[in-house]
Amino acid sequence: MMRFMLLFSRQGKLRLQKWYTATAERDKKKMVRELMQVVLARKPKMCSFLEWRDLKIVYKRYASLYFCCAVEEQDNELITLEVIHRFVELLDKYFGSVCELDIIFNFEKAYFILDEFLMGGEIQDTSKKGVLKAIEQADLLQEEDESPRSVLEEMGLA
Amino acid sequence: CPENEMIRVIRSARTQGEERGVIQRECAAIRAQFRQADSGGRSHNLAKLLYVHMLGYPAHFGQMECVRMIASPRYSEKRIGYLGAMMLLDEKQDASLLITNSIKNDLSHSSQYIQSLALCTLACMGSAEMCRDLAPEIERLLKASNSYIKKKAALCAVHIVRKIPELGELFTPSAHSLLSDKNHGVLHGAVVLITELCERNPGNLDEFRKAVPELVQIMKGLVTSGYSPEHNVAGISDPFLQVRVLRLLRILGRNNDEASDAMNDLLAQVATNTDSSKTAGSAVLYETVLTIMDIKSESGLRVLAVNILGRFLLNNDRNIRYISMTSLQKIVQTDHTAVQRHRGTIVDCLKDQDASVKRRALELSLALVSAANIRSMMKELLRFLSTCPPELRSHATSGIFNAAERYAPSQRWHIDTILHVLITAGGDVRDETVPNLIQLISVASELHCYTVHKLYRALISDISQQSLVQVACWCIGEYGDLLLKGDCDEIEPMQVTEDDVLDVLETILQSHMSSPTSRGFALTAIMKLSTRITNNIDRIRSVVSIYGSCIDVELQQRAVEYNALFKKYDHMRYLIMSSHTIILGIPMSKSTGFKLHSVVEGWSPQDILSVIMYKHTYTQSNFVVICVVPTILHSRYG
């Protein structure tokens, strides 16, 4: 399973962190700091995989953001690269040519998309269309929910 | 929206201090809002707090707000509340228990999107207690719901099984039936669940082996199906699902002939037909190879798998080369001959730019060294050593020494290899290997002269590499007489005077680059030379006496002892500091093959024993003690 996923910028600013195992806050901070250092020190032509502690790290840089996943010994690194790529495609489709600012100002949306794509460190839906449709429906539900209601609606009479 | 405004303000802070000030104000406002029951901006407030949390600031005061939001009937509030719970709560906090009831209710909500929130949160941070409590609900959802919920319930079940393996029993019946679902998400979830059930409880293997034909069918369907736009990735139909099915097949086929047989053809088909020009296809092939190598496959299939790895080694994509080597490393012992066929390519990877690839190539190369290829492999390894990145150097030197020791075709070759490594990478040779190197050198008696000359010459140009210094000092001390004689078969002659030798040893003693161990070696070498030189004994005496007051305690002790050897125990000095054999108690004999040094008559057994212990401790020489004095037994020290 995937243990965690981090998104961070070249300047070491964390943009998203998703943890799939229970980890103490201070340990999370320590691991993030350490891992960011290791990954940011990598040169452009180096391989996307590295060993860190007892985990395998799979990372890929898209524009100004590093997508970094920690997986376990028996996980397939190459398919993890595809998982990262799929997530980027989902973000791209949703935001329309996604950039770092989208992730900053709409971070909850990024999490909602991730949570529709992965669960407990595993893929929920292997269809890109399926994930996007579900997000669309959920967003609609949120919109309806937030739109002003008439007095009658509030009373449940319309 | 409000949180965007806050984000903008935070981002415009010019210093860390300014940012902290903004955050403090914002958090105070958020806290105040939490205390009011204002229903309008609740989601936005929590969102703000979550952003602040992501920047690394404390946000625990938002935990209860998450609990409240989750209990709200409004989707927008639940949505952010559950997100907050996943970010701020974990099973270690008491507050997490408070949401169990909300999750339970939401699991049976009429809206599947709300059910989804509950499932996601449970799978993300559900504690063992929560899992136990809600497992029956999840089991119900596995059976009686739509695909959207089923696939999530399956992954939720996976989490539960990870937390409490015994609960696996609850899901085992449903898991198998999920394999007949047509929805890829459900199938994927089912495969992951079955994998987890088998890994947590090997007792399940027999039951799930019955599913092998179904799994084979699923794979066949994916591999032979036409283009499916919904699941296509670079020409491969649902590589994610394919990889998980292959992994499950691996677990089921392991150690089981029947299951392995049933999947043999399929694996051959996937291995042969999958296009590896893109990562997706390579990922599937990679998983296929892992499966083939781990189950009871026919030898033809194994060769096919190793060849795939060999092809991967030639791939332009560095990631694929790296993966290939990781896999080859796993099978290099069991399938040695097959991997040997790719030795050339592996050795080429020693020149790769990427340090991870280099590391892998080094491991593999060392594993592939054999008696048949030792000469050519060592050439490559020594070439690698000269351009090796610093973090790999000491591992490389150790590996080279091991390989040399196992497969040296001749003593001369072995010594040359040791000397080459010491001279070019002596700074990275691990301290622990020094005694072993000394041992190997001392055994190669015809090469003592050659060895000491080579090491001496390396030493006079560079005394910074500690392992080189230590081995060289030991040799100079031990074979100083050979060094001073000047000529040696294999090297151009060089005049070395007693002063020259003592100069370099004293330089090492005084240098700040020398480690304490190295200085000990140098001092002992100087002392040993007192029995091998003629003109400079006074110089040695004075060096030794100076170090009797040295700050380094080890060195001081050594010097004090050596001083005593000069003063009170001069009769023992020769015995202790010279090499080879001590023969005690019998007159000199021409018929033995040993170098005879002295006869000591009238020594007490204690004297003899203390000489032996002393010699062993301080000089690390190889020597043999033969005592004819009846009260002491034969012993051999080395």
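The model is a predicted one, and everything below is computed from it.

Taken along the principal axes, the C-alpha atoms of chain A fill a box of roughly 60 × 35 × 30 Å.

Turning to the interface, 59 residues of chain A and 67 residues of chain B take part in the contact. Together the two chains bury about 5,800 Å² between them, with carbon and sulfur atoms giving 57% of that area. On the chain A side, the residues that lose the most area to chain B are A:Leu78, A:Phe105 and A:Met119, which together make up 12% of what that side buries.

Polar pairing also features here. Between chain A and chain B, 21 residue pairs are in polar contact, counting pairs with both residues at pLDDT 80 or more. As for where the chain A side comes from, at least two residues each are supplied by strand 2 (14-19), helix 1 (25-40), strand 3 (49-52), helix 2 (77-95), helix 3 (100-105), helix 4 (107-117), strand 7 (122-123) and helix 5 (128-146) of chain A. Helix 5 of chain A gives the largest share, at 11 residues. Sorted by class, the side of chain A that touches chain B has 26 nonpolar, 10 polar and 23 charged residues.

Then there are the charged pairs. Side chains of opposite charge can pair when their charged atoms come close. Over all chains the count reaches 42 salt bridges, and seven salt bridges are found across the interface of chain A and chain B. One of these links B:Arg162 with A:Glu122, at 2.9 Å from N to O. A salt bridge also forms between A:Asp125 and B:Lys151, with an N to O distance of 3.8 Å. This pair joins two chains, because A:Asp125 sits in the loop between strand 7 and helix 5 of chain A while B:Lys151 belongs to helix 10 (residues 147-163) of chain B.

Helix 4 of chain A packs on helix 3 (residues 42-54) of chain B at an angle of about 85°, and their axes are 10 Å apart. The angle therefore makes the two helices, helix 4 of chain A and helix 3 of chain B, roughly perpendicular. Helix 4 of chain A brings A:Phe107, A:Glu108 and A:Tyr111 to this contact, and helix 3 of chain B brings B:Ala47, B:Leu50, B:Tyr51 and B:Met54. By class, that gives six nonpolar residues, one charged residue and no polar ones.

A helix pair within chain B is packed at another angle. The axes of helix 22 (residues 355-368) and helix 24 (residues 390-407) of chain B cross at roughly 10° and come within 11 Å, so helix 22 of chain B is roughly parallel to helix 24 of chain B. From helix 22 of chain B, B:Ala355, B:Lys358, B:Arg359, B:Leu362, B:Glu363 and B:Leu366 meet B:Glu391, B:Leu392, B:His395, B:Ala396, B:Gly399 and B:Ile400 of helix 24 of chain B. This contact has six nonpolar, two polar and four charged residues.

How values were computed:
Residues are numbered from 1 along each chain as its sequence is written. Chains are lettered from A and ligands numbered from 1 in the order in which they are written. This is a predicted model: local features need pLDDT of at least 70, side-chain atom pairs count only at pLDDT 80 or more; totals for chains, interfaces and linings use all residues. Side-chain values use heavy atoms; hydrogens and water are left out. Contact means heavy atoms within 4.5 Å. Buried area is the accessible area (1.4 Å probe) that two parts lose on being put together, summed over both. A salt bridge is a side-chain nitrogen of Lys or Arg within 4 Å of a carboxyl oxygen of Asp or Glu. A polar contact is a pair of N or O atoms within 3.5 Å; within protein, one must be able to donate a hydrogen and the other to accept it, and residues adjacent in sequence count only if both atoms are side-chain atoms. Helices (H or I, at least four residues) and strands (E, at least two) are DSSP runs, numbered from the N terminus. Ala, Val, Leu, Ile, Met, Phe, Trp, Tyr, Cys and Pro count as nonpolar, Asp, Glu, Lys and Arg as charged, and the others, Gly among them, as polar. Axes are lines fitted to C-alpha atoms, for helices over the stretch in contact, and angles run from 0 to 180 degrees between N-to-C directions. Angles under 35 degrees count as roughly parallel, over 145 as roughly antiparallel, 65 to 115 as roughly perpendicular and the rest as oblique.
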